[in-house]
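Subject: Structure for you to look at

Hello,

Here is the structure I promised to pass on. Please open it and keep it in view while you read my notes below.

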Amino acid sequence: MTVGYAVCGSFCTHKKTLEILKKFADSQIDVTPVLSENSYRISTRFGKAGDFVRDIENITKQKIITSIEESEAIGPEQKFKIMIIAPCTGNTLAKLANGITDNCVTMAAKAHLRNQKPLVIGLCTNDALSSNLANIGVMMNKKNVFFVPMYQDDTDSKPSSLVCDMDLVMKTFEMALQRKQIQPVLFG
């Protein structure tokens, strides 16, 4: 089985992303990484971009897809059985909900979904319960789209924020292969 695993710029979850990729590797599942331009090039207080890229390539033993041109081929080649975007930023979710394909992650998702195969979204965004709430509804209503369960991570400082439970990415992946949404999607 070949899995596409896209990573967006929710940098605080990148360490957990590496743990998930290791679980896939340990399970002998072939993962092709797709990194948003920001995840690929921006260093933050959570780590250096070059180290993150190196770690992903070492874990997956695959070249990272980083361009629209590379992502476009995912559809015609039917490259993945399933695709995961975790973390998925609110920006990426909004683009997917509104049909905007202007970067490698949105192109990869669009190319993958055209084959009517499952897409797992692990949302991590500070505006989930405000400006992105409508986009969550749109994506939850799309065929072949499955969400990693999410929760409010800091109701006092960020009352509109939701983050997916990165520990449930693998379980969501397993259920999405059966075309089932893990429940509950929202928890406290």
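Isoleucine 85 has its bridge partner in strand S4: isoleucine 121. Keep in mind that this is a predicted model. The two strands involved, S3 and S4, pair in the parallel sense, over four bridges. S3 covers residues 82-88, and S4 covers residues 119-125.

Cysteine 124 faces valine 163 in S7.

Is S4 buried or exposed? Seven of its seven residues are buried, so S4 is largely enclosed by the rest of the structure. Now look at which way the residues point. In a regular strand, side chains alternate between the two faces of the sheet. Leu119, Ile121, Leu123 and Thr125 point one way from S4. Val120, Gly122 and Cys124 point the other way. Both sets are buried.

Together with helix H7 (residues 133-140) and S5, S4 makes a right-handed β-α-β unit.

S1 (residues 2-7) and S2 run parallel, joined by six bridges. Tyrosine 5 stands opposite proline 33 in S2. S2 (residues 30-35) is mostly covered, with five of its six residues buried.

Next, the core. In soluble globular proteins, nonpolar side chains tend to be buried together. Here the largest nonpolar core has 57 residues. Which residues have the most contacts inside it? They are Tyr5, Phe24, Ile84, Ile85 and Ile121. Strand S3 gives the most to this core, with six residues.

Go back to isoleucine 121 for a moment. Leave aside its neighbours within four places in sequence. Isoleucine 121 is then in contact with Ile85, Cys88, Leu93, Leu96, Met139, Val145, Phe146, Phe147 and Val148.

Last, the charged side chains. Side chains of opposite charge can pair when their charged atoms come close. How many salt bridges are there? The count comes to seven. Here are three of them.

- Aspartate 55 and arginine 54 meet in a salt bridge, 3.1 Å from N to O. Aspartate 55 is partly exposed, at 24% relative accessible area. Arginine 54 is partly exposed too, at 42%.
- Glutamate 19 forms a salt bridge with lysine 16, with the closest N and O atoms 3.4 Å apart. Both lie in helix H1, three residues apart, which is about one turn of the helix. Glutamate 19 is partly exposed, with a relative accessible area of 35%. Lysine 16 counts as partly exposed at 27%.
- Lysine 158 forms a salt bridge with aspartate 153, and the closest N and O atoms are 3.0 Å apart. Lysine 158 is partly exposed at 30%, and so is aspartate 153 at 32%.

One network also turns up: salt bridges that share partners join Lys16, Glu19 and Asp167.

Best wishes

Technical notes. Residues numbered from 1 in each chain as written. Predicted model: local features only at pLDDT ≥ 70, side-chain atom pairs only at ≥ 80, totals over all residues. Heavy atoms only, no water. Buried < 20%, exposed > 50% of the residue type's maximum accessible area, 1.4 Å probe, protein only. Pairing = 2+ DSSP bridges. Core = buried A, V, L, I, M, F, W, Y, C linked by side-chain atoms within 4.5 Å. Contact = heavy atoms within 4.5 Å. Salt bridge = Lys/Arg side-chain N within 4 Å of Asp/Glu carboxyl O. Right-handed = clockwise from strand over helix to strand, strands pointing away.
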